[in-house]
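Dear colleague,

Please find below the structure that I am handing over to you. My notes on it follow.

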Amino acid sequence: YAQALEAEGVKVETKPNIGSREVYMEAFKSGDIDLLPEYNGALLAYLKPDGVPENVSAPEDVYEALQEVLPEGSETLPQSEAEDKDTLTVSKETAAKYSLTSIEDLAPVAKDLTLGGSPEFKERHQGLVGLDEVYGVTFKEFKPLDAGGPLTTGALAKGDIDVANVFSTDSAIPTNGWVVLEDPENLFLSQNVVPLIRSEALSSDAETALNAVSEALTTANLTEALAKVQVDKADPATVAKEFLADNGVS
């Protein structure tokens with residue numbers, strides 16, 4: 001965002017490592033921050049503490065619901081296709097063995113498979129409960145591990161589990177050639193990248209720059225960029241500059 005804005009002549013000051021959503025949203029509301037890259041689903045859940053309805057999970061529905069709870073004096077620009085959401089992911093060997101491309105393909109074979117994920121995944125609608133209700137998928141076993149972290153990815157890599165609940169931009173996915181199963185019924189809440197900006201800070205140049213970034217971002221190229229930072233230890237600013245150049249944004 002910052003480099004694209006600067007290319008349009010917009011003056012930018014970045015504030016990295018600003019803490020949790022609880023911290024930075026207060027800074028946004030007070031005017032200390034004008035612009036945030038956000039995830040639509042996580043932001044909606046934060047701004048709607050009574051809970052996101054189970055029927056609000058698709059990107060368009062989440063974006064629409066978000067408009068009703070945005071902080072006063074703020075707005076969201078069009079959201080990106082890129083998202084970092086919950087997935088069910090398998091090794092390419094498991095995908096080939098059982099002909100898996102979608103979560104619905106698991107229904108006849110899940111009885112022979114073990115799923116790993118966070119302990120909370122067992123009780124959530126966006127977890128084992130919804131997998132059974134929405135897709136008719138019931139696993140042989142569930143192993144409580146962590147929330148898409150090293151325990152879960154390590155267990156999938158070692159073959160201790162057959163299916164893993166990991167996030168869609170996890171660098172372990174491309175590194176290992178894993179297969180992310182499609183979620184046609186949108187069981188998992190969308191987490192599309194979306195610019196949240198204070199209305200008074202939005203100019204036509206800023207809007208042009210931010211929309212260009214959103215149009216360029218996909219889950220695949222975001223995952224690739226993150227892998228360069230997380231795995232290859234490349235400088236984030238350098239990776240961002242290359243991304244913009246590769247996609248004709250600046």
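In which loop is Ser190 found? Ser190 lies in the loop between β7 (179-180) and β8 (193-198); helices (H or I, at least four residues) and strands (E, at least two) are DSSP runs, numbered from the N terminus.

This is a predicted model, in which local features need pLDDT of at least 70 and side-chain atom pairs count only at pLDDT 80 or more, while totals for chains, interfaces and linings use all residues. Residues are numbered from 1 along each chain as its sequence is written, and side-chain values use heavy atoms, with hydrogens and water left out.

Ser190 counts as buried, at 1% relative accessibility (buried means under 20% relative accessible area, exposed over 50%, partly exposed in between; 1.4 Å probe, protein chains only). Among the residues that Ser190 touches are Asn40, Ser57 and Glu83 (contact means heavy atoms within 4.5 Å).

The open sheet is formed by 5 strands in the order β5-β4-β6-β3-β7, with mixed pairing (two strands pair if DSSP finds at least two bridges between them). At the edges stand β5 (141-144) and β7, each with a single partner strand, so one side of each is left without a neighbour in the sheet.

Strand β6 (residues 163-167) is largely enclosed by the rest of the structure, because 4 of its 5 residues are buried. Strand β3 (residues 86-90) pairs with β6 in the antiparallel sense over 5 bridges, and Thr87 stands opposite Val166 there. Strand β4 (residues 114-117) and β6 run parallel, joined by 2 bridges; Gly116 has Ala164 as its bridge partner, and Leu115 has Val163.

Yours sincerely

Note on methods: Lists of a residue's contacts leave out its neighbours within four places in sequence.
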